[in-house]
Amino acid sequence: VRYAVVYNPFIEELFAAEKGCGATLNGRPIHVSDHDAAHAICMCGSTIYDRSYTDRSFAIMRWLYDHTLDFRRFGSAELDICQVAAGRIEIFFECRLSPWDFAAGSLILQEAGGSLTRLDGSAIDPREPGSVWATNGKCHEMYRALPQSEKTGRKAGFILLPDFPMPHAQPLPQMRKMYNRFREWLPLQLR
(Lines give C-alpha, C1' and ligand atoms only; values in the text may rest on other atoms or scores of the structure.)
Protein backbone atom coordinates (compact mmCIF):
# COMPACT_ATOMS: atom_id res chain seq x y z
CA VAL A 1 0.00 0.00 0.00
CA ARG A 2 1.54 3.28 -1.11
CA TYR A 3 -1.36 5.72 -0.62
CA ALA A 4 -4.25 5.52 1.83
CA VAL A 5 -7.39 7.55 2.48
CA VAL A 6 -10.11 6.90 5.07
CA TYR A 7 -13.06 9.29 5.27
CA ASN A 8 -15.67 9.65 8.01
CA PRO A 9 -18.58 11.50 6.35
CA PHE A 10 -20.49 11.98 9.60
CA ILE A 11 -17.90 14.29 11.14
CA GLU A 12 -16.01 15.19 7.96
CA GLU A 13 -12.66 13.72 8.96
CA LEU A 14 -10.28 12.73 6.18
CA PHE A 15 -7.32 10.60 7.21
CA ALA A 16 -4.59 10.26 4.57
CA ALA A 17 -1.06 8.95 4.18
CA GLU A 18 1.61 8.41 1.57
CA LYS A 19 4.31 5.84 2.31
CA GLY A 20 7.33 7.63 3.74
CA CYS A 21 5.57 11.01 4.05
CA GLY A 22 3.62 10.77 7.32
CA ALA A 23 -0.11 10.75 8.03
CA THR A 24 -2.63 13.58 8.20
CA LEU A 25 -6.12 14.32 9.46
CA ASN A 26 -7.85 17.02 7.40
CA GLY A 27 -4.44 18.08 6.13
CA ARG A 28 -2.75 18.36 9.55
CA PRO A 29 -0.04 15.90 10.63
CA ILE A 30 -1.08 13.26 13.18
CA HIS A 31 0.90 10.99 15.48
CA VAL A 32 0.08 8.17 17.87
CA SER A 33 -0.06 8.82 21.62
CA ASP A 34 2.69 7.89 24.05
CA HIS A 35 0.35 6.40 26.68
CA ASP A 36 1.38 3.15 28.32
CA ALA A 37 -0.96 0.20 28.89
CA ALA A 38 -2.18 1.46 32.28
CA HIS A 39 -3.43 4.63 30.57
CA ALA A 40 -4.53 3.02 27.28
CA ILE A 41 -7.97 3.16 25.73
CA CYS A 42 -8.80 0.07 23.67
CA MET A 43 -11.21 -0.52 20.79
CA CYS A 44 -12.20 -3.70 19.06
CA GLY A 45 -14.31 -5.35 16.45
CA SER A 46 -16.26 -8.46 17.33
CA THR A 47 -15.91 -10.42 14.06
CA ILE A 48 -19.66 -10.57 13.56
CA TYR A 49 -19.32 -12.30 10.18
CA ASP A 50 -17.66 -15.38 11.69
CA ARG A 51 -19.07 -16.12 15.11
CA SER A 52 -16.61 -18.96 15.65
CA TYR A 53 -14.19 -16.24 16.82
CA THR A 54 -16.58 -15.00 19.52
CA ASP A 55 -15.02 -16.77 22.49
CA ARG A 56 -11.53 -15.55 21.65
CA SER A 57 -12.71 -11.99 20.93
CA PHE A 58 -14.43 -11.73 24.28
CA ALA A 59 -11.51 -13.36 26.11
CA ILE A 60 -9.16 -10.74 24.64
CA MET A 61 -11.63 -7.95 25.42
CA ARG A 62 -11.82 -9.11 29.02
CA TRP A 63 -8.03 -9.37 29.31
CA LEU A 64 -7.59 -5.87 27.88
CA TYR A 65 -10.32 -4.50 30.12
CA ASP A 66 -8.42 -5.85 33.14
CA HIS A 67 -5.04 -4.47 31.98
CA THR A 68 -5.86 -1.07 30.46
CA LEU A 69 -7.73 2.09 31.40
CA ASP A 70 -10.95 1.56 29.42
CA PHE A 71 -12.62 -0.06 26.44
CA ARG A 72 -14.73 1.22 23.51
CA ARG A 73 -16.52 -0.28 20.49
CA PHE A 74 -17.48 1.82 17.46
CA GLY A 75 -17.87 -0.39 14.42
CA SER A 76 -15.55 0.54 11.54
CA ALA A 77 -12.14 -1.13 11.61
CA GLU A 78 -10.59 1.44 9.26
CA LEU A 79 -11.81 4.35 11.39
CA ASP A 80 -10.83 2.56 14.61
CA ILE A 81 -7.27 2.08 13.32
CA CYS A 82 -7.23 5.77 12.38
CA GLN A 83 -8.23 6.62 15.97
CA VAL A 84 -5.00 4.94 17.07
CA ALA A 85 -3.08 6.90 14.41
CA ALA A 86 -4.57 10.19 15.64
CA GLY A 87 -3.57 9.47 19.25
CA ARG A 88 -7.16 9.22 20.48
CA ILE A 89 -6.85 5.57 21.56
CA GLU A 90 -3.89 3.26 22.00
CA ILE A 91 -5.05 -0.24 20.97
CA PHE A 92 -7.39 -1.74 18.37
CA PHE A 93 -7.85 -5.43 17.63
CA GLU A 94 -10.08 -7.77 15.72
CA CYS A 95 -9.74 -11.53 15.30
CA ARG A 96 -10.61 -11.58 11.59
CA LEU A 97 -10.79 -8.82 9.01
CA SER A 98 -10.75 -8.68 5.24
CA PRO A 99 -8.07 -6.58 3.51
CA TRP A 100 -10.52 -3.78 2.67
CA ASP A 101 -11.20 -3.46 6.42
CA PHE A 102 -7.61 -2.59 7.35
CA ALA A 103 -5.32 -1.96 4.35
CA ALA A 104 -5.69 1.83 4.23
CA GLY A 105 -5.71 2.21 8.01
CA SER A 106 -2.55 0.13 8.31
CA LEU A 107 -0.53 2.59 6.21
CA ILE A 108 -2.05 5.61 8.01
CA LEU A 109 -1.18 4.06 11.39
CA GLN A 110 2.38 3.16 10.39
CA GLU A 111 2.97 6.63 8.98
CA ALA A 112 1.68 8.11 12.27
CA GLY A 113 4.27 6.11 14.21
CA GLY A 114 2.13 3.14 15.26
CA SER A 115 2.54 -0.61 14.93
CA LEU A 116 0.27 -3.12 13.23
CA THR A 117 0.63 -6.91 13.20
CA ARG A 118 -1.49 -10.02 13.47
CA LEU A 119 -2.61 -10.97 16.98
CA ASP A 120 0.29 -13.44 17.15
CA GLY A 121 2.79 -10.68 16.29
CA SER A 122 3.42 -11.83 12.72
CA ALA A 123 3.55 -9.35 9.84
CA ILE A 124 0.38 -8.26 8.09
CA ASP A 125 -0.09 -8.84 4.39
CA PRO A 126 -2.61 -6.17 3.28
CA ARG A 127 -3.80 -8.55 0.54
CA GLU A 128 -4.80 -11.35 2.93
CA PRO A 129 -7.58 -11.59 5.54
CA GLY A 130 -6.62 -12.22 9.15
CA SER A 131 -6.42 -10.81 12.64
CA VAL A 132 -5.25 -7.26 13.36
CA TRP A 133 -3.43 -5.86 16.41
CA ALA A 134 -2.95 -2.10 15.95
CA THR A 135 -1.27 -0.01 18.64
CA ASN A 136 0.57 3.20 19.40
CA GLY A 137 3.79 1.14 19.54
CA LYS A 138 4.27 1.59 23.27
CA CYS A 139 1.53 -0.98 23.96
CA HIS A 140 2.40 -3.32 21.10
CA GLU A 141 4.20 -6.02 23.09
CA MET A 142 0.98 -6.68 25.02
CA TYR A 143 0.01 -9.10 22.22
CA ARG A 144 2.39 -11.64 23.81
CA ALA A 145 0.13 -11.94 26.88
CA LEU A 146 -3.21 -12.11 25.05
CA PRO A 147 -5.35 -15.24 25.34
CA GLN A 148 -4.12 -17.36 22.44
CA SER A 149 -6.89 -19.90 21.94
CA GLU A 150 -7.88 -20.15 18.33
CA LYS A 151 -11.42 -19.99 17.05
CA THR A 152 -13.68 -22.49 18.75
CA GLY A 153 -15.67 -23.74 15.81
CA ARG A 154 -18.88 -23.07 17.78
CA LYS A 155 -21.46 -20.54 16.85
CA ALA A 156 -22.29 -17.97 19.50
CA GLY A 157 -25.40 -18.75 21.49
CA PHE A 158 -28.34 -16.45 22.12
CA ILE A 159 -30.57 -16.13 25.15
CA LEU A 160 -34.15 -15.37 24.20
CA LEU A 161 -35.81 -13.13 26.71
CA PRO A 162 -39.57 -13.67 27.06
CA ASP A 163 -40.38 -9.95 26.77
CA PHE A 164 -38.14 -9.38 23.76
CA PRO A 165 -38.34 -12.15 21.15
CA MET A 166 -35.42 -11.97 18.74
CA PRO A 167 -36.50 -11.77 15.06
CA HIS A 168 -34.21 -14.62 13.94
CA ALA A 169 -35.90 -16.96 16.48
CA GLN A 170 -39.38 -16.39 15.03
CA PRO A 171 -41.11 -18.50 12.38
CA LEU A 172 -41.05 -16.94 8.92
CA PRO A 173 -44.67 -15.58 9.01
CA GLN A 174 -43.95 -13.89 12.35
CA MET A 175 -40.75 -12.36 10.93
CA ARG A 176 -42.72 -10.97 7.96
CA LYS A 177 -45.28 -9.47 10.36
CA MET A 178 -42.51 -7.82 12.44
CA TYR A 179 -40.83 -6.53 9.28
CA ASN A 180 -44.08 -5.00 7.99
CA ARG A 181 -44.73 -3.32 11.36
CA PHE A 182 -41.22 -1.86 11.22
CA ARG A 183 -41.80 -0.57 7.65
CA GLU A 184 -44.95 1.19 8.86
CA TRP A 185 -43.23 2.61 11.96
CA LEU A 186 -40.02 3.91 10.36
CA PRO A 187 -41.51 6.63 8.09
CA LEU A 188 -43.38 8.06 11.07
CA GLN A 189 -40.06 8.45 12.92
CA LEU A 190 -38.40 10.22 9.98
CA ARG A 191 -40.99 13.02 9.68
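The structure is a predicted model, in which local features need pLDDT of at least 70 and side-chain atom pairs count only at pLDDT 80 or more, whereas totals for chains, interfaces and linings use all residues. Residues are numbered from 1 along each chain as its sequence is written, and side-chain values use heavy atoms, with hydrogens and water left out.

The protein chain has four helices and nine strands (DSSP runs, H or I of at least four residues for helices and E of at least two for strands, numbered from the N terminus). Along the sequence, these elements follow the pattern β-β-β-β-β-α-β-α-β-α-β-β-α. Of the 191 residues in the protein chain, 41% are buried (under 20% relative accessible area, with exposed over 50% and partly exposed in between; 1.4 Å probe, protein chains only). Among contacts (heavy atoms within 4.5 Å) with a separation of 6 or more, 67% link residues 24 or more positions apart.

Leaving aside neighbours within four places in sequence, the contacts of Phe 92 include Met 43, Ala 77, Ile 81, Val 84 and Trp 133.

H2 itself is mostly covered, as nine of its nine residues are buried. Even Glu 78, Asp 80 and Gln 83 are among the buried residues of H2. After H2 comes Gly 87, whose phi is positive, near 80 degrees.

How do H2 and H3 sit together? Their axes (lines fitted to C-alpha atoms over the stretch in contact, with angles from 0 to 180 degrees between N-to-C directions) come within 8 Å and cross at roughly 15 degrees. H2 and H3 are therefore roughly parallel to each other (an angle under 35 degrees). The residues making the contact include Ala 77, Ile 81 and Ala 85 of H2 and Trp 100, Ala 104 and Ile 108 of H3.

Technical notes. Parallel < 35°, antiparallel > 145°, perpendicular 65-115°, else oblique.
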